Amino acid sequence: MQNLKLPITIDPYRSAQRSLECEGIYETSGMNRLLAACESSSEHVHVKVDFGVDELGLVFISAKGSASVVLTCQRCTEAFEHKLLIDFVFSPVKDEEAAENLPSYYDAIELDENGEVNLRDLVEEELLLVIPLIPRHELKDCQSPSDSVWGQLPVEHEKPNPFDVLKKLK
């Protein structure tokens, strides 16, 4: 497959009228927020985007993509490679009122002043959303033992059961 660079911004209405299908890459060097959230990443994000019009006459943008990033394991603090997979469906809207009227199976994306969508920013935001909240190796691959104990637990003293008083009432 030839790695074609995808457009940064695109008019979703014209693309949907043509039932445009794009497959290509975005360079991660232009995705500063993604780079800040990871130790490092692959050079490219592979994305396949489809534009269309559904049975209700709504324009939609459907995409799937993937990128490899290096994250820091929160158990052992070692770096590990993680594959981020995205799959989303958006419908472009002009304002918040139109967004409220969208069916629940579409997420809304607002158009810019030129009536276009910034596709690269959209892909970057979706990649940020799939980064694990607490990145960790698989347990079998982690350097930290799974049964490790962090500090000592305080010794618990026997406390009288407050319900023992009820036993005496019988």
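**Note on the predicted model: charges, cysteines and backbone**

1. Negative surface patch. On the surface of this structure, D95, E96, E97, E100 and E110 gather in a patch of negative charge. The structure is a predicted model, and the points below should be read accordingly. Helix α3 (residues 96–100) gives the largest share of this patch, with three residues. D95, another member of the patch, is placed in the loop between β6 and α3. With a relative accessible area of 38%, D95 is partly exposed.

2. F163 belongs to the loop between α4 (119–130) and α5 (164–168). Is F163 buried or exposed? The relative accessibility of F163 is 58%, and this residue therefore counts as exposed, the cut-off being over 50%.

3. Salt bridge K5–E27. The structure contains seven salt bridges. In one of them K5 pairs with E27, and the closest N and O atoms are 3.0 Å apart. This pair links distant parts of the chain, since K5 is in the segment before β1 (9–10) and E27 is in strand β2 (residues 21–27), 22 residues apart. The two partners can also be described by their accessibility: K5 counts as exposed at 60% relative accessibility, whereas E27 is partly exposed, with a relative accessible area of 34%.

4. R33 forms a salt bridge with E125, with 3.8 Å between the closest N and O atoms. Which elements does this pair link? R33 is in helix α2 (residues 32–37) and E125 is in helix α4, and the two residues are 92 residues apart, so that distant parts of the chain are linked. R33 is partly exposed, with a relative accessible area of 41%, and E125 counts as partly exposed at 38% relative accessibility.

5. Salt bridge D87–K64. The side chains of D87 and K64 also meet in a salt bridge, at 3.8 Å from N to O. D87 lies in strand β6 (residues 79–93) and K64 lies in strand β5 (residues 59–72), so this pair ties together parts that are 23 residues apart in sequence. Both residues, D87 and K64, are exposed. Elsewhere, salt bridges that share partners join R33, E124 and E125 into one network.

6. Cysteines. How many disulfides does the structure hold? The number is zero. C76 is in no disulfide, and the nearest cysteine sulfur, that of C142, is 3.7 Å away. C76 counts as buried at 12% relative accessibility. C22 likewise counts as buried, at 15% relative accessibility.

7. Buried residue F80. The place of F80 is in strand β6, the strand in which D87 also lies. F80 counts as buried, because its relative accessibility is 10% and the cut-off is under 20%. F80 and E138 are 58 residues apart in sequence, and their C-alpha atoms are 9.8 Å apart in space.

8. Buried residue L119. L119 is found in helix α4, the helix that also holds E125. L119 is buried, with a relative accessible area of 3%. Between the C-alpha atoms of L119 and V49 there is a separation of 9.3 Å, while these residues are 70 residues apart along the chain.

9. Positive phi values. Most residues other than glycine have a negative phi. Against this background, two residues deserve a look. S19 has a phi near 50°, a positive value in a residue other than glycine. S19 lies in the loop between α1 (12–17) and β2, and S19 counts as partly exposed at 49% relative accessibility. T77 has a phi near 60°, again a positive value in a residue other than glycine. The place of T77 is in the loop between β5 and β6. What is the exposure of T77? T77 is exposed, with a relative accessible area of 61%.

How values were computed: Residues are numbered from 1 along each chain as its sequence is written. This is a predicted model: local features need pLDDT of at least 70, side-chain atom pairs count only at pLDDT 80 or more; totals for chains, interfaces and linings use all residues. Side-chain values use heavy atoms; hydrogens and water are left out. Helices (H or I, at least four residues) and strands (E, at least two) are DSSP runs, numbered from the N terminus. Buried means under 20% relative accessible area, exposed over 50%, partly exposed in between (1.4 Å probe, protein chains only). A salt bridge is a side-chain nitrogen of Lys or Arg within 4 Å of a carboxyl oxygen of Asp or Glu. A disulfide is a pair of cysteine sulfur atoms within 2.5 Å. Patches are made of residues with over 30% relative accessible area and no salt bridge: like charges are joined within 9 Å, nonpolar side chains (Val, Leu, Ile, Met, Phe, Trp, Tyr) within 5 Å. Accessible areas come from the Shrake-Rupley method with a 1.4 Å probe; for residues, only the protein chains shown count as cover. Lys and Arg count as positive and Asp and Glu as negative; His and the chain ends are not counted. The place of a charge is taken as NZ of Lys, CZ of Arg, CG of Asp or CD of Glu.
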